[in-house]
Amino acid sequence: MDLTPVVEALQATLSPQLRKQAEEKLTQICKTTGFVPCLLQIVLSEQCDMGARQAGAIYLKNHINTYWSDYNDPKTNNDPDIITLANAVNVNINTPVSDNSQKLFVVSDPDKEYLRNILIDAIIRTKDPLRCQLIATAGTMIKNDFPSKWPQFINQIHSCLSTDNIDAWDSTLLVYYTLVQHYEYKKSEDRTPIDDVMVVILPILHQRFMQLFAHNDSDQSALIQKQILKIFHAYTQLHLSFRVLPTQTMATWLDTCCAVLERRLPERLDALDEEDRAEHPWWKCKKWALHILIRIFERHGSPANLPKGQSPDRIEFANFYLKGFSGKVIGLVFNVLEAYRQKVYVSPRVLQLSLNYLRESVRHAFSWKIMQNNIVVLIQDIIYPLLCVSDDDIELFNEEPVEFVRARLDILDEYISPVSAAELFLADAVAKRKDVLMKTVSFLGTIIHNDSITVKQKDGILHMLGVIGNVLIKKKAFANQLENMIVQYLFPELQSPTAFLRARACYALRNFSKLEYTNPDNSVRCLTFLINCLCNDTSLPVKVEAAMALNLFMSDSDTGEKGKAIIIPHLQIIVMRIIEIIRQTEIDDIMIVLQKIVGLFDQELQPIAVQMTSQLVEFFKHVVCSENTPTDESKAEERTVAAMGVLNTLDTIVSCMGEKQEILSQIEQIIYEAIVLVLRDGILDFYEEILTLVDTLTINTVSPLMWQVFYLIKEAFFRDAADYFAEIMNCLHNYVVNDTPSFLAQPDRLETVFEMCKHVIVNDLGEDSEAHAVKLIEVIILQCQDNMSAALPAIVQMMAQRFQREIVTSELRLMLIQVFIVILWLNPDRFFQTLNTVAANDPSTQSVIGNFFNQWMTDSELFAGVHDRRVCSLGLCTLLRIDAKYYSAISNIVPKILPNCIHIYQGLMKTYQHNNEDDSEDDTDDDDDSVPSEIDDGDDENIEHEDDFLGKLKGKVPDHEMAGDGLGEDNNEDDDDNSDFDIDETDLESYSTILEANEDIDEFQIFCDSLQQLQSDTTGYNQALLQNLTDEQRKQIQNIIHYTEKRKQEKESNKIREAGGYNFSQSAFATQPTNFNFGGSANTSFQNRK
């Protein structure tokens, strides 16, 4: 292929004016055989313009990512766990591609073979930024081709590592790391290919590492050593193959990591700035060595950490590491910390990981004995200095308070910050090991009573108190002293002239929120101080810490009631200050505080609910508008999360003000602006939250303003929101059920909903969305009934046509059947008339319609939950009392009707009985925030391991429960009444219908009435229903009848009790039959009817 037009097109993509035309040209020629070699030649050609080479590398990466995998070749999924999960939810995961489907383009086989043979050499020959694009290309190929289609890959890697070309090692290792990453999180049984490769590659990796370690102190050498350590970490962090790494081989690698940790670094690093030193490959080597040692220790290196039933090899290695290596590593970690103590530079990540290793050592008796004698020095010389505020923190606190707050609340900080590591180590040590708490408190006492204590030292004291507070509060030895300690040392700092001390004092009080003060005045003072810090302080970080502390002091408990009385007089200003903080910081953590306040003080906030809503909506509009301005990506994400938090808070306000219609109307007017902004402008990030808000606004009534939102939802749906139909359905359900007259008053509304449902069903938007659409149709049919006659043929036709396409999940299939059942139950004559009309007008539906009853009987055992079972039962009862003119239509399924009735009604009985038991029990929720209990110095921490979920699916969970049905056949003869039973409602039946609203519809009474009516049958229908019943099934029917009688009596008793008296006369129930004739000499000619 001629390179010139490709080079010209690539160069043109760099020009905004020519880009579109150039991309179209590349799209035309990219599917030509030879295009891939052409691109790679351009990337490697030093005669070509660098811009064109970069564009070529990026285009090659994207081209391979899009067109390398052969999607036309359906692969059967043989993963047993995936198959188990699929069977559990009745999903067919191995769907063949239709013969008529359009074949997708893939890279030609000659181009693929060319790239496999030359790509690694090309990566070696290039440097970044070209190299990183080619490595990403290799990653796509590895994912799709290794090992079967790229068997030469490992020989290529081995050959490159076997040369003496150190430049080749660097690039080769980057490619090889991509392979290891591909297998990093796979299950052990799926890692055979990488294990086979590692048998060959690991020895040469270690050889090259030691060669560089001993003889080369260049920065390139450090880069390669770091990459080898990253590869080893990725390979071993989750799984350890003793075929590849027997204990002695592991010992060699662990010794290597220890050597890296112990190694003195080149003196030239001292000339670098500290920020540059931290990112230098030499320090990163230490970081990855520690990563490996920590991961091996916590996952493989201690018997207490191993789940039960492990192989002898794993147990042997765990004992080997704990007894043979943990002490050595602890000594090296203490050396690192000693250097830090002596003011020698240690990178922050190495310091953090060192503390993490010691934190893991606290959990195990053997390692704890090694380190316990140094715990006091560790706390006073390492932990305490780390917890004291630094000069950089003070500068950030004063000059950029918003950034200080963001950094303080950064959830990722826990994984990289030495300060967070110090907090976690101290919290674990005082909670899990005896005497550590006492030694810590004693140390704090010596500092705090020092007359020359500095503000930084005082900050460290408050910081440590905050860390250990939740342990102190549960220790009897300190219980009587805590109140005095708080009053003497924390309360004064809440009024300190130093702002960061006020913030730290608020932080420290958090973990003492559950302390019961013996002096009520002290409780009042505590809350008063926090309220003052929040409402009147000039420092933003102080306000934030005060708000988060107040969040913990607010509670529904009796103790919290006293606090509420103190908070209520200041509530309005508290809320306004919190909203100000949200507007300044755009942080979701503060939004959670506001949500809790709104939930707890809904009555008290009514006077300012409208003002709150207005400010929150204005903030939301500000955030949404600023989304389009150029900004840091992480900050944009934070703003998006904050805006979502605003919508959630608005939802909470609406929920709390639901009974105050006057206030709610004003709030609705304000929120309408946010709804219009999101739905009109198609801001997808907020669709879910906005639709939830609309759902809440229409949960009880639908205002004229919300009917305007109905049309906004329609526009958004057909524009870009069809994928959100499950969320949209919540709103549509409210429109249908909560304002049916208005829904039917405008014909276009019913038409709109059906068009939306049809769009979902016809366009294959996913079976979950389709099931929601069919459910909505069922709700509308039940709700509107007589108004639906004209629409029924179109509905039945759409349901029948959907049956003709493949259905993977039983949920969708059952919902389609349910629509048919509802139509049958409401009006059998209309049902059969509609079926005949549809079959006549659309012959393609005849087979589906003709097979409907058989499909229903087959799937009856899959109906679960209350509503779905009730619909099924009402449909079955309709068949029991069907007019004789329809006997021929159901003759094939008559013997199955009563057995399915038994199954459905037994499921309902168990569900109702379970619900009654739940209602009679007091719900107690003991919210125990207890800290880990102390461990004896000679013991390991008791670590619980979760049972394997897939193991449960494979053998421990009955099939009928996994199918969503509680009454499948049980092979265990000893039926345990206390066994698990699926009583939970299905996802879709949470949408209420007229069945739930009308208490007069009693499916049990209808069943008994139907049986009673059958007693007088003279057509032979009754005999046909009964003739195949077993004695056990007849007995089960009698049990259902007795349950019906009991259920009726309970209802009558409840009515009498509610009326103020109770009548013990049973005459009211005298007409309820308790036995039915299951035999007799009735005419059996029905059996022969066609």
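**Cysteines**

I started with Cys-285, which turns out to be buried, with a relative accessible area of 0%. A reminder to myself: this is a predicted model, and what I jot down here is computed from it. Next I looked up Cys-132, which is partly exposed, at 37% relative accessible area. How many disulfides are there? The count comes to 0.

**The nonpolar core**

Then I went for the largest nonpolar core, and I found 360 residues in it. Tyr-176, Tyr-735, Trp-856 and Leu-879 are the ones with the most contacts inside this core. Which helix gives the most to it? That is α34, residues 661-681, with 12 residues. In soluble globular proteins, nonpolar side chains tend to be buried together.

Setting aside residues up to four places away in sequence, I see Tyr-176 touching Ile-154, Ile-157, Ile-194, Val-197, Met-198, Ile-201, Leu-205 and Ile-231.

Ser-665 is partly exposed, with a relative accessible area of 35%.

Is Ser-860 buried or exposed? I get 0% relative accessibility for Ser-860, so it counts as buried, the cut-off being under 20%. Ser-860 sits in the loop between α45 and α46 (866-880). Ignoring neighbours within four places in sequence, I list Cys-872, Asn-900, His-903 and Ile-904 as its contacts.

**Helix α43**

My last stop was α43, residues 828-841.

Which residues of α43 are buried? I wrote down Phe-831, Phe-832, Thr-834, Leu-835, Val-838 and Ala-839. Looking down the axis of α43, I see these buried residues within an arc of 160 degrees, which means they line one face of the helix. On the other side of α43, the exposed residues are Gln-833, Asn-836, Ala-840 and Asn-841.

What do the buried residues of α43 pack against? I found α41 (792-804), α42 (810-826), α44 (846-850), α45 (852-859) and α47 (887-890). I also found a cap on the N-terminal end of α43, made by Asn-827. A side-chain oxygen of Asn-827 lies 3.2 Å from the backbone nitrogen of Asp-829.

Notes: Residues numbered from 1 in each chain as written. Predicted model: local features only at pLDDT ≥ 70, side-chain atom pairs only at ≥ 80, totals over all residues. Heavy atoms only, no water. Buried < 20%, exposed > 50% of the residue type's maximum accessible area, 1.4 Å probe, protein only. Helix = DSSP H or I, 4+ residues; strand = E, 2+ residues; numbered from the N terminus. Arc of directions from axis to C-beta. Contact = heavy atoms within 4.5 Å. Polar contact = N/O pair within 3.5 Å; in protein donor to acceptor, adjacent residues only side chain to side chain. Disulfide = S-S within 2.5 Å. Core = buried A, V, L, I, M, F, W, Y, C linked by side-chain atoms within 4.5 Å.
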